[in-house]
Amino acid sequence: MIEPINDHKPLAKEVTDDGICTLTLDRPDAMNSLNGPLVQALRDTFYDLRYDPSIRVVILTGGSGPAFCAGADLKERQGMTEAQVRQRIDDYRITFDMIASLPKPTICVINGYAFGGGLELALACDIRLVASDTKVGLTELRLGIIPGAGGTQRLTRLIGVARAKEMIFTGAKVTGVRAAELGLANYSVVPEELPDRARRMAEDMLLSAPVALTQAKLAIDTGTGIDLASGLDVESLAYNVTLPTEDRLEGLAAFKERRRPDFKGK
């Protein structure tokens, strides 16, 4: 079932019985560019997903058309004061941080162009699959600004300082194939295979215990921002959370009985 978030339908939501939620950016006439209603829809939706125990994995993608997300809606931006632009960037940052901190895995399917804020949106997800024939880039410097919704930080952590500087300083638009080579995307996939590839990856994640999956994500995300010794302490604490769970015992029983475990998230 696909349901619109509001009357303008900037975001569509589809949930399967096994707990995979697919969110689709749906502003085809504006290249799925980010405006106030779409950013608000993303924020409201990810807030709800945080507390919905039936959702196990989230896939974010773009609707029909050549763009996953072309970035900020510059038509909207032209009518804004400096203060309003600053507020909108804060809206982006808060929303993207909410996506990044979702205690469930997120897979971004970049099925078309992703520039500026569109790529920053993708960078907030855990894993990225990109169409081999599309292009992505942080192009803000060519508009007289810089990436302001996490791009300078998240891209650098993914591909390294020198390569991030090259992409950002030049405003380069790299192909999907090159994005995967750089480590910006996990995989470059021919366009017609993207939906199935994302679905298979999500289904593989469903084989993991929900509590363990949440704790693994927490340990990785927290540990990458601190020193190794502190990161190992975080990992130990996260491991300890899984010890008293019913799912841990179910995992052991299933292994012994050579069957697929039936995890309950408890």
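**Figure 1. Helix α9 of the predicted model, residues 210-223.** Helix α9 has 14 residues and reaches 20 Å from its first C-alpha to its last. That span is close to the 20 Å expected at 1.5 Å a residue, where the expected value is 1.5 Å times one less than the number of residues. Helices (H or I, at least four residues) and strands (E, at least two) are DSSP runs, numbered from the N terminus. Residues are numbered from 1 along each chain as its sequence is written, and side-chain values use heavy atoms, with hydrogens and water left out. Because the model is predicted, local features need pLDDT of at least 70 and side-chain atom pairs count only at pLDDT 80 or more, while totals for chains, interfaces and linings use all residues.

**Figure 2. Buried residues of α9 and their cover.** Pro 210, Gln 215, Lys 217, Ala 219 and Gly 223 are buried in this helix. Buried means under 20% relative accessible area, exposed over 50%, and partly exposed in between (1.4 Å probe, protein chains only). The cover over these residues includes α3 (82-100), β6 (106-110), α10 (228-242) and α11 (246-257), with contact meaning heavy atoms within 4.5 Å.

**Figure 3. Asn 32, a residue with positive phi.** Asn 32 lies in the loop between β3 (20-25) and α1 (36-50). Its phi is about 55 degrees, although Asn 32 is not a glycine. Asn 32 has 2% relative accessibility and so counts as buried.

**Figure 4. Arg 258, in the segment after α11.** Arg 258 is a residue other than glycine, and its phi is positive, near 55 degrees. The relative accessible area of Arg 258 is 81%, so this residue is exposed.

**Figure 5. The protein chain around these views.** The secondary structure of the chain comes to 11 helices and 11 strands. The radius of gyration is 19 Å, close to the 18 Å that the globule rule gives for 266 residues, so the chain is as compact as a globular protein of that length. This radius is taken over C-alpha atoms, and the rule is 2.2 Å times the number of residues to the power 0.38. Along the principal axes, the C-alpha atoms fill a box of roughly 60 × 45 × 35 Å. Buried residues make up 44% of the 266 residues. Of the contacts between residues at least 6 apart in sequence, 65% join residues at least 24 apart.
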